[in-house]
Amino acid sequence: MRFIKYILIIAIQVLSITAFAQQKQELPKGLVAAFEQGNSISLATFFSDRIELKIQDKEAIYSRSQAKQIMAKFFAKYKPKGLKKKHIGGKADSPYFIGTLLTNNGNFRTTFLLKGDGKKAIIHRLSIEVE
(Lines give C-alpha, C1' and ligand atoms only; values in the text may rest on other atoms or scores of the structure.)
Protein backbone atom coordinates (compact mmCIF):
# COMPACT_ATOMS: atom_id res chain seq x y z
CA MET A 1 0.00 0.00 0.00
CA ARG A 2 2.83 2.33 0.85
CA PHE A 3 4.47 1.58 -2.53
CA ILE A 4 1.31 2.60 -4.42
CA LYS A 5 1.17 5.81 -2.41
CA TYR A 6 4.75 6.72 -3.45
CA ILE A 7 4.03 5.91 -7.10
CA LEU A 8 0.94 8.12 -7.01
CA ILE A 9 2.85 11.04 -5.45
CA ILE A 10 5.62 10.77 -8.06
CA ALA A 11 3.11 10.60 -10.92
CA ILE A 12 1.33 13.74 -9.67
CA GLN A 13 4.63 15.62 -9.39
CA VAL A 14 5.73 14.64 -12.89
CA LEU A 15 2.39 15.68 -14.39
CA SER A 16 2.47 18.98 -12.50
CA ILE A 17 5.98 19.78 -13.72
CA THR A 18 5.06 18.91 -17.32
CA ALA A 19 1.92 21.05 -17.25
CA PHE A 20 3.85 23.96 -15.72
CA ALA A 21 6.62 23.72 -18.34
CA GLN A 22 4.12 23.78 -21.20
CA GLN A 23 2.40 26.88 -19.83
CA LYS A 24 5.71 28.78 -19.80
CA GLN A 25 6.22 28.44 -23.58
CA GLU A 26 5.35 31.68 -25.30
CA LEU A 27 6.04 33.14 -28.70
CA PRO A 28 8.30 36.15 -29.14
CA LYS A 29 6.17 39.30 -28.85
CA GLY A 30 7.58 40.75 -32.07
CA LEU A 31 6.46 37.65 -33.96
CA VAL A 32 2.90 37.88 -32.66
CA ALA A 33 2.79 41.63 -33.38
CA ALA A 34 4.03 41.10 -36.95
CA PHE A 35 1.20 38.63 -37.61
CA GLU A 36 -1.46 40.78 -35.97
CA GLN A 37 -0.36 43.90 -37.86
CA GLY A 38 0.18 42.10 -41.17
CA ASN A 39 3.76 43.35 -41.25
CA SER A 40 5.66 41.09 -43.65
CA ILE A 41 8.92 43.01 -43.14
CA SER A 42 8.93 42.42 -39.38
CA LEU A 43 7.71 38.85 -39.86
CA ALA A 44 10.56 38.12 -42.29
CA THR A 45 13.11 38.89 -39.56
CA PHE A 46 11.91 35.67 -37.90
CA PHE A 47 12.27 33.56 -41.10
CA SER A 48 15.17 31.19 -41.59
CA ASP A 49 17.32 31.67 -44.71
CA ARG A 50 15.21 28.98 -46.42
CA ILE A 51 11.65 28.56 -45.20
CA GLU A 52 9.04 25.95 -46.03
CA LEU A 53 5.95 28.02 -46.72
CA LYS A 54 2.44 26.72 -47.37
CA ILE A 55 -0.28 29.24 -48.09
CA GLN A 56 -3.60 27.61 -48.86
CA ASP A 57 -2.76 25.11 -51.64
CA LYS A 58 0.70 26.39 -52.62
CA GLU A 59 3.64 24.82 -50.87
CA ALA A 60 7.36 25.23 -51.55
CA ILE A 61 10.67 26.17 -50.00
CA TYR A 62 11.50 29.85 -50.45
CA SER A 63 14.29 32.23 -49.59
CA ARG A 64 13.62 34.78 -46.86
CA SER A 65 13.05 37.59 -49.40
CA GLN A 66 10.68 35.49 -51.53
CA ALA A 67 8.69 34.47 -48.45
CA LYS A 68 8.51 38.12 -47.36
CA GLN A 69 6.98 39.09 -50.73
CA ILE A 70 4.50 36.20 -50.60
CA MET A 71 3.42 37.18 -47.10
CA ALA A 72 3.06 40.85 -48.17
CA LYS A 73 0.68 39.75 -50.94
CA PHE A 74 -1.24 37.55 -48.50
CA PHE A 75 -1.57 40.35 -45.93
CA ALA A 76 -2.69 42.78 -48.66
CA LYS A 77 -5.49 40.41 -49.66
CA TYR A 78 -6.36 39.25 -46.11
CA LYS A 79 -5.90 42.08 -43.61
CA PRO A 80 -5.24 40.52 -40.19
CA LYS A 81 -7.42 41.36 -37.21
CA GLY A 82 -5.69 39.10 -34.69
CA LEU A 83 -3.84 35.88 -33.98
CA LYS A 84 -5.57 33.48 -31.59
CA LYS A 85 -3.39 30.84 -29.93
CA LYS A 86 -4.79 27.33 -29.76
CA HIS A 87 -1.70 25.39 -28.75
CA ILE A 88 2.03 25.80 -28.25
CA GLY A 89 4.11 22.68 -27.75
CA GLY A 90 7.37 20.98 -28.60
CA LYS A 91 10.77 21.29 -27.00
CA ALA A 92 12.30 24.46 -25.60
CA ASP A 93 14.65 24.81 -28.59
CA SER A 94 12.05 23.83 -31.23
CA PRO A 95 8.52 24.85 -30.27
CA TYR A 96 5.56 24.76 -32.61
CA PHE A 97 2.47 26.95 -32.71
CA ILE A 98 -1.08 26.16 -33.78
CA GLY A 99 -3.59 28.97 -33.94
CA THR A 100 -6.10 30.94 -35.95
CA LEU A 101 -5.25 34.03 -37.94
CA LEU A 102 -8.36 36.22 -37.94
CA THR A 103 -8.66 38.37 -41.09
CA ASN A 104 -11.21 40.59 -42.79
CA ASN A 105 -11.83 37.87 -45.42
CA GLY A 106 -12.04 34.78 -43.20
CA ASN A 107 -10.05 32.83 -40.67
CA PHE A 108 -6.99 30.71 -41.32
CA ARG A 109 -5.48 27.81 -39.40
CA THR A 110 -1.91 28.91 -38.84
CA THR A 111 0.91 26.63 -37.78
CA PHE A 112 4.61 27.20 -37.59
CA LEU A 113 7.72 25.45 -36.37
CA LEU A 114 10.38 27.53 -34.68
CA LYS A 115 13.97 26.65 -33.93
CA GLY A 116 16.39 28.57 -31.78
CA ASP A 117 19.66 29.80 -33.28
CA GLY A 118 21.05 30.70 -29.87
CA LYS A 119 19.89 34.32 -30.04
CA LYS A 120 16.25 34.18 -31.13
CA ALA A 121 13.53 31.89 -32.44
CA ILE A 122 13.55 31.35 -36.21
CA ILE A 123 10.55 30.11 -38.25
CA HIS A 124 11.49 27.08 -40.37
CA ARG A 125 8.00 26.08 -41.49
CA LEU A 126 4.89 28.24 -41.83
CA SER A 127 1.47 26.99 -42.92
CA ILE A 128 -1.65 29.11 -43.46
CA GLU A 129 -4.76 27.19 -44.49
CA VAL A 130 -8.43 28.11 -44.77
CA GLU A 131 -10.23 27.07 -41.61
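Two strands count as paired if DSSP finds at least two bridges between them. Helices (H or I, at least four residues) and strands (E, at least two) are themselves DSSP runs, numbered from the N terminus. With those terms in hand, let us walk through the structure. This is a predicted model, in which local features need pLDDT of at least 70 and side-chain atom pairs count only at pLDDT 80 or more, while totals for chains, interfaces and linings use all residues. Residues are numbered from 1 along each chain as its sequence is written, and side-chain values use heavy atoms, with hydrogens and water left out.

Start with the overall plan. The protein has four helices and six strands, and reading along the sequence gives the pattern α-α-α-β-β-α-β-β-β-β. The six strands form an open sheet with mixed pairing, in the order E2-E1-E6-E5-E4-E3. E2 and strand E3 (80-91) stand at the edges with a single partner strand each, so one side of each has no neighbour in the sheet. From one strand to the next, the twist averages 15°; angles here run from 0 to 180 degrees between N-to-C directions, and axes are lines fitted to C-alpha atoms, for helices over the stretch in contact.

Now look at how E1 is held between its two neighbours in the sheet. As background, strands of a sheet pair through backbone hydrogen bonds, either parallel or antiparallel. Strand E1 (residues 47-55) pairs with strand E6 (residues 121-130) in the parallel sense, over five bridges. Within that pairing, Phe-47 has Ile-123 in E6 as its bridge partner. On the E2 side, E1 and strand E2 (residues 58-63) run antiparallel and are joined by six bridges. Here Lys-54 has Glu-59 in E2 as its bridge partner, and Glu-52 stands opposite Ile-61 in E2.

What lies between E1 and E2 in their hairpin? Two residues separate the strands, and Gln-56 is found in this loop. The phi of Gln-56 is near 55°, a positive value in a residue other than glycine. Gln-56 is partly exposed, with a relative accessible area of 26%; on this scale buried means under 20%, exposed means over 50%, and partly exposed is in between, using a 1.4 Å probe and protein chains only.

At the end of E2 you will find Ser-63, which lies in that strand. Ser-63 is buried, with a relative accessible area of 17%. Leaving aside neighbours within four places in sequence, Ser-63 is in contact (heavy atoms within 4.5 Å) with Asp-49, Arg-50 and Ile-51.

Helix H2 (residues 29-37) lies across E3, strand E4 (94-103), strand E5 (106-116) and E6, running at about 145° to E3. Helix H4 (residues 64-77) also packs on the sheet, where H4 touches E1, E2, E3, E4, E5 and E6, and its direction makes about 40° with that of E1.

What does the interior look like? A nonpolar core is a set of buried Ala, Val, Leu, Ile, Met, Phe, Trp, Tyr and Cys residues joined through side-chain atoms within 4.5 Å. The largest such core has 28 residues, and those with the most contacts inside it are Phe-35, Met-71, Ile-123 and Leu-126. H2, helix H3 (40-44), E1, H4, E3, E4, E5 and E6 each supply at least two residues of this core.

Two of these residues are worth a visit. Phe-35 sits in helix H2 and is buried, with a relative accessible area of 0%. Apart from neighbours within four places in sequence, the contacts of Phe-35 include Phe-75, Leu-83, Phe-112 and Leu-126. Phe-35 and Leu-102 are 67 residues apart in sequence, yet 9.9 Å apart in space, C-alpha to C-alpha. Ile-123, the bridge partner of Phe-47, touches residues including Leu-31, Leu-43, Ile-51 and Leu-113, not counting those up to four places away in sequence.

Finally, step back to the whole chain. Of the 131 residues of the protein, 34% count as buried. Among contacts with a separation of 6 or more, residues 24 or more positions apart account for 42%.
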